[in-house]
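Hi there,

Here is the structure I promised to pass on. Please have a look at it first, and then read my notes below.

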Amino acid sequence: MALLKIARMGTPVLAGVARPVTDPTAPDIARLVDDMRETLADSGGVGLAAPQVHVPLRLVIFHVPSNRTGEDEGAVPETVLINPVITPLGEERAEDWEGCLSLPGLTGRVSRFTHIRYEGLDLSGAPLSREARGFHARVVQHECDHLDGVLYPMRMSDMAEFGYVEEMRKALAPRRGEE
Ligand code: NI
(Lines give C-alpha, C1' and ligand atoms only; values in the text may rest on other atoms or scores of the structure.)
Protein backbone atom coordinates (compact mmCIF):
# COMPACT_ATOMS: atom_id res chain seq x y z
CA MET A 1 0.00 0.00 0.00
CA ALA A 2 1.14 3.48 -0.71
CA LEU A 3 -0.16 7.02 -0.50
CA LEU A 4 -0.65 8.35 -4.01
CA LYS A 5 -0.07 11.89 -5.18
CA ILE A 6 -3.33 13.66 -5.95
CA ALA A 7 -3.49 15.58 -9.23
CA ARG A 8 -4.67 19.17 -8.93
CA MET A 9 -6.81 21.09 -11.40
CA GLY A 10 -4.69 22.01 -14.40
CA THR A 11 -3.02 18.59 -14.60
CA PRO A 12 -3.84 17.10 -18.04
CA VAL A 13 -4.94 13.73 -16.64
CA LEU A 14 -7.92 15.48 -14.98
CA ALA A 15 -9.09 16.93 -18.27
CA GLY A 16 -9.07 13.75 -20.36
CA VAL A 17 -11.60 10.98 -20.90
CA ALA A 18 -10.52 7.89 -18.95
CA ARG A 19 -10.35 4.42 -20.54
CA PRO A 20 -12.57 1.52 -19.52
CA VAL A 21 -11.03 -1.09 -17.22
CA THR A 22 -10.71 -4.26 -19.29
CA ASP A 23 -10.23 -6.71 -16.39
CA PRO A 24 -11.43 -5.63 -12.92
CA THR A 25 -9.80 -8.72 -11.40
CA ALA A 26 -6.29 -7.90 -12.66
CA PRO A 27 -3.66 -7.62 -9.89
CA ASP A 28 -2.80 -4.09 -11.05
CA ILE A 29 -6.37 -2.99 -10.38
CA ALA A 30 -6.42 -4.56 -6.90
CA ARG A 31 -3.20 -2.73 -6.08
CA LEU A 32 -4.53 0.55 -7.44
CA VAL A 33 -7.69 0.25 -5.34
CA ASP A 34 -5.68 -0.56 -2.20
CA ASP A 35 -3.58 2.55 -2.75
CA MET A 36 -6.63 4.69 -3.54
CA ARG A 37 -8.32 3.50 -0.32
CA GLU A 38 -5.28 4.47 1.71
CA THR A 39 -5.00 7.82 -0.08
CA LEU A 40 -8.71 8.61 0.43
CA ALA A 41 -8.58 7.66 4.12
CA ASP A 42 -5.53 9.86 4.59
CA SER A 43 -7.24 12.81 2.87
CA GLY A 44 -10.45 12.59 4.87
CA GLY A 45 -12.51 12.81 1.68
CA VAL A 46 -15.53 10.70 0.70
CA GLY A 47 -14.60 9.78 -2.86
CA LEU A 48 -11.70 9.47 -5.25
CA ALA A 49 -11.52 8.79 -8.98
CA ALA A 50 -8.54 7.04 -10.60
CA PRO A 51 -7.62 10.05 -12.79
CA GLN A 52 -7.14 12.03 -9.57
CA VAL A 53 -4.20 9.75 -8.79
CA HIS A 54 -2.83 10.04 -12.34
CA VAL A 55 -4.39 6.79 -13.61
CA PRO A 56 -6.71 7.41 -16.58
CA LEU A 57 -9.07 4.47 -15.96
CA ARG A 58 -12.84 4.41 -15.36
CA LEU A 59 -12.76 3.49 -11.69
CA VAL A 60 -13.97 5.38 -8.63
CA ILE A 61 -14.18 4.64 -4.91
CA PHE A 62 -16.47 6.36 -2.43
CA HIS A 63 -18.40 5.96 0.78
CA VAL A 64 -21.12 7.95 2.48
CA PRO A 65 -20.65 8.37 6.21
CA SER A 66 -23.73 8.17 8.42
CA ASN A 67 -23.54 11.89 9.27
CA ARG A 68 -23.94 12.82 5.60
CA THR A 69 -26.98 10.73 4.70
CA GLY A 70 -30.49 12.05 4.31
CA GLU A 71 -33.65 10.68 5.88
CA ASP A 72 -34.19 8.16 3.10
CA GLU A 73 -30.84 6.42 3.16
CA GLY A 74 -28.38 4.89 5.54
CA ALA A 75 -24.62 5.08 5.34
CA VAL A 76 -23.08 3.64 2.19
CA PRO A 77 -20.08 1.39 2.80
CA GLU A 78 -16.91 1.86 0.84
CA THR A 79 -17.72 1.03 -2.77
CA VAL A 80 -15.49 0.34 -5.74
CA LEU A 81 -17.31 1.19 -8.96
CA ILE A 82 -15.72 0.25 -12.28
CA ASN A 83 -16.83 1.42 -15.75
CA PRO A 84 -19.85 3.22 -14.26
CA VAL A 85 -22.95 4.37 -16.06
CA ILE A 86 -25.32 6.85 -14.41
CA THR A 87 -28.99 7.20 -15.31
CA PRO A 88 -30.98 10.07 -13.77
CA LEU A 89 -34.30 8.93 -12.32
CA GLY A 90 -36.50 11.95 -12.83
CA GLU A 91 -35.69 15.54 -13.64
CA GLU A 92 -35.32 16.86 -10.10
CA ARG A 93 -32.06 18.61 -9.30
CA ALA A 94 -30.70 20.31 -6.21
CA GLU A 95 -27.84 22.68 -5.49
CA ASP A 96 -25.36 22.12 -2.70
CA TRP A 97 -21.75 22.84 -1.80
CA GLU A 98 -19.05 20.55 -3.12
CA GLY A 99 -15.34 20.32 -2.68
CA CYS A 100 -12.73 18.22 -4.44
CA LEU A 101 -9.34 16.86 -3.43
CA SER A 102 -8.05 18.16 -6.78
CA LEU A 103 -9.08 21.72 -5.83
CA PRO A 104 -7.83 21.87 -2.25
CA GLY A 105 -9.26 24.64 -0.12
CA LEU A 106 -12.01 25.54 -2.59
CA THR A 107 -15.76 25.01 -2.59
CA GLY A 108 -18.68 25.81 -4.85
CA ARG A 109 -22.41 25.27 -5.24
CA VAL A 110 -23.27 22.69 -7.88
CA SER A 111 -26.58 21.47 -9.30
CA ARG A 112 -26.93 17.66 -9.41
CA PHE A 113 -29.70 15.15 -10.03
CA THR A 114 -31.26 14.16 -6.71
CA HIS A 115 -32.16 10.60 -7.72
CA ILE A 116 -30.09 8.34 -9.95
CA ARG A 117 -29.34 4.75 -10.77
CA TYR A 118 -25.72 3.78 -11.16
CA GLU A 119 -24.39 0.61 -12.66
CA GLY A 120 -20.96 -0.82 -13.20
CA LEU A 121 -18.72 -3.62 -12.01
CA ASP A 122 -17.22 -4.31 -8.61
CA LEU A 123 -13.65 -5.48 -7.96
CA SER A 124 -14.62 -9.11 -8.55
CA GLY A 125 -16.00 -8.18 -11.96
CA ALA A 126 -19.60 -8.73 -10.82
CA PRO A 127 -22.31 -6.28 -11.89
CA LEU A 128 -23.29 -3.67 -9.35
CA SER A 129 -26.50 -1.64 -9.63
CA ARG A 130 -27.88 0.76 -7.06
CA GLU A 131 -30.32 3.62 -6.72
CA ALA A 132 -29.03 6.66 -4.92
CA ARG A 133 -30.55 9.87 -3.62
CA GLY A 134 -29.32 13.08 -2.11
CA PHE A 135 -25.70 13.24 -0.99
CA HIS A 136 -25.04 9.67 -2.13
CA ALA A 137 -26.27 10.57 -5.64
CA ARG A 138 -24.21 13.77 -5.56
CA VAL A 139 -20.99 11.97 -4.63
CA VAL A 140 -21.39 9.41 -7.41
CA GLN A 141 -22.13 12.12 -10.01
CA HIS A 142 -19.10 14.12 -8.84
CA GLU A 143 -16.74 11.12 -8.95
CA CYS A 144 -17.97 9.84 -12.31
CA ASP A 145 -17.56 13.32 -13.81
CA HIS A 146 -13.82 12.92 -13.15
CA LEU A 147 -13.83 10.03 -15.66
CA ASP A 148 -14.94 12.42 -18.40
CA GLY A 149 -12.57 15.26 -17.55
CA VAL A 150 -15.24 17.29 -15.76
CA LEU A 151 -14.43 19.13 -12.53
CA TYR A 152 -17.23 20.59 -10.41
CA PRO A 153 -16.61 24.26 -11.30
CA MET A 154 -17.46 23.28 -14.90
CA ARG A 155 -20.95 22.31 -13.63
CA MET A 156 -21.56 25.56 -11.78
CA SER A 157 -24.07 28.12 -13.00
CA ASP A 158 -23.02 30.99 -10.72
CA MET A 159 -19.29 31.51 -10.25
CA ALA A 160 -20.05 33.99 -7.47
CA GLU A 161 -20.67 30.83 -5.43
CA PHE A 162 -17.11 29.54 -5.93
CA GLY A 163 -14.31 30.38 -3.56
CA TYR A 164 -12.02 29.43 -0.73
CA VAL A 165 -13.67 27.38 1.99
CA GLU A 166 -12.29 29.61 4.73
CA GLU A 167 -13.70 32.75 3.15
CA MET A 168 -16.99 31.22 2.01
CA ARG A 169 -17.54 29.78 5.45
CA LYS A 170 -17.24 33.24 6.94
CA ALA A 171 -19.64 34.66 4.38
CA LEU A 172 -22.14 31.83 4.00
CA ALA A 173 -21.32 29.09 6.51
CA PRO A 174 -21.35 26.38 3.80
CA ARG A 175 -21.39 22.75 4.61
CA ARG A 176 -18.02 21.33 3.78
CA GLY A 177 -17.64 18.10 1.84
CA GLU A 178 -14.52 17.12 -0.02
CA GLU A 179 -14.86 14.64 -2.79
NI1 NI B 1 -13.39 15.52 -7.05
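The model is predicted, so local features need pLDDT of at least 70 and side-chain atom pairs pLDDT 80 or more, while totals for chains, interfaces and linings use all residues. Numbering starts from 1 along each chain as its sequence is written, and side-chain values use heavy atoms, without hydrogens and water.

Five strands form an open sheet, ordered β1-β2-β3-β6-β7 with antiparallel pairing (strands are DSSP E runs of at least two residues, helices H or I runs of at least four, numbered from the N terminus; pairing takes at least two DSSP bridges). At the edges are β1 (47–49) and β7 (127–133). Seven bridges link β6 (residues 115–121) to β7, and I116 sits opposite A132 in β7.

Helix α1 (residues 27–43) packs on the sheet and touches β1, β2 (59–64) and β3 (contact means heavy atoms within 4.5 Å). Its direction is about 40° from that of β2, whereas α2 runs at about 160° to β2 (axes are fitted to C-alpha atoms, for helices over the stretch in contact; angles between N-to-C directions run from 0 to 180 degrees).

Best wishes
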